Amino acid sequence: MKIEIEVDARRRIPSHGGAPNDRPEAPVVPVGAYEPPYYAAVFTTVRTQDQSGYGETDARLEELVKDVPGYLGTDHAQTPGGLGITVSYFRDADALTEWRANAEHRAAQHRGRAQWYQSYTLHVAKVERSNGFTRAEDPQSPTAG
């Protein structure tokens, strides 16, 4: 049995100072839980002061990765102290390998080491268990639609 899931993951992209970018099309929602196994690439960073071109490159890569068959979505968080954590999810190792080999992604990696990152780590893990929770909207809440 083959199950295909189409995902349009959205996230807030923090600027260098850690303040979220309040684009209206980027609600704060985590990537959903998927049926394991799948893979997670956990990229943690501390950025340099020179962030010229980072936002444009990040937006371009965010669009490119969506074309990788097996890409499931990305979560991102930034601490006030400047630690960035990006977790990208892929259905299988082949999808992750395809993304790693993408020419524009590789060029961005080189530029990141040369300009944008003070330090980073990458951890790749096979997800064996996954679940999630979403609070039901309270119909009596003043913010309920």
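User: Before we start, what counts as contact when you say residues pack against something?

Analyst: Contact means heavy atoms within 4.5 Å. This is a predicted model, and in it the buried residues of H1 pack against strands E1 (38-47), E2 (71-78), E3 (83-90) and E4 (117-127), plus helices H2 (93-101) and H3 (103-116).

User: Which residues of H1 are the buried ones?

Analyst: They are Tyr 54, Thr 57, Asp 58, Leu 61, Glu 62, Leu 64 and Val 65.

User: What makes you say they line one face of the helix?

Analyst: Look down the axis of H1: the buried residues fall within an arc of 165 degrees, so they line one face.

User: How do you know that the span of H1 agrees with its length?

Analyst: Helix H1 runs over residues 54-65, which is 12 residues, and at 1.5 Å a residue that should span 16 Å. The end C-alpha atoms are 16 Å apart, so the two agree.

User: Why is Ser 88 called buried?

Analyst: Buried means under 20% relative accessible area. Ser 88 comes in at 14%, so it counts as buried.

User: Where does Ser 88 sit, and what is it in contact with beyond its sequence neighbours?

Analyst: Ser 88 is in strand E3. Leaving aside neighbours within four places in sequence, Ser 88 is in contact with Tyr 39, Ala 40, Ala 41, Gly 73 and Thr 74. Ser 88 and Val 42 are 46 residues apart in sequence, yet their C-alpha atoms are 6.7 Å apart in space.

User: What lies nearest the centre of the largest pocket?

Analyst: Ser 88 again, along with Phe 43, Leu 61, Trp 99 and His 105, out of 34 lining residues. The volume of this pocket is about 750 Å³. By class, the lining has 17 nonpolar, 10 polar and 7 charged residues.

User: Which element gives the most to that lining?

Analyst: H3 does, with 7 residues. E1, H1, E2, E3, H2, H3 and E4 each supply at least two.

User: How does the reach of H3 compare with what's expected?

Analyst: H3 has 14 residues and reaches 18 Å from first C-alpha to last, close to the expected 20 Å.

User: What makes the buried residues of H3 a face?

Analyst: The buried residues are His 105, Ala 108, Gly 112, Gln 115 and Trp 116. Seen down the axis of H3, they fall within an arc of 105 degrees, so they line one face of the helix. Those buried residues pack against E1, H1, H2 and E4, while Ala 103 and Ala 114 are exposed on the other side of H3.

How values were computed: Residues are numbered from 1 along each chain as its sequence is written. This is a predicted model: local features need pLDDT of at least 70, side-chain atom pairs count only at pLDDT 80 or more; totals for chains, interfaces and linings use all residues. Side-chain values use heavy atoms; hydrogens and water are left out. Helices (H or I, at least four residues) and strands (E, at least two) are DSSP runs, numbered from the N terminus. The expected span of a helix is 1.5 Å times one less than its number of residues. Buried means under 20% relative accessible area, exposed over 50%, partly exposed in between (1.4 Å probe, protein chains only). The arc is that of the directions from the helix axis to the C-beta atoms. On a 1 Å grid over the protein atoms alone, a cavity is a set of points where a 1.4 Å probe fits but cannot get out, and a pocket is an open set with protein on both sides within 12 Å along at least five of seven lines; lining residues have an atom within 4 Å of a point. Grid points are joined across faces, edges and corners, and a volume is the space filled by probe spheres set on the points. Ala, Val, Leu, Ile, Met, Phe, Trp, Tyr, Cys and Pro count as nonpolar, Asp, Glu, Lys and Arg as charged, and the others, Gly among them, as polar.
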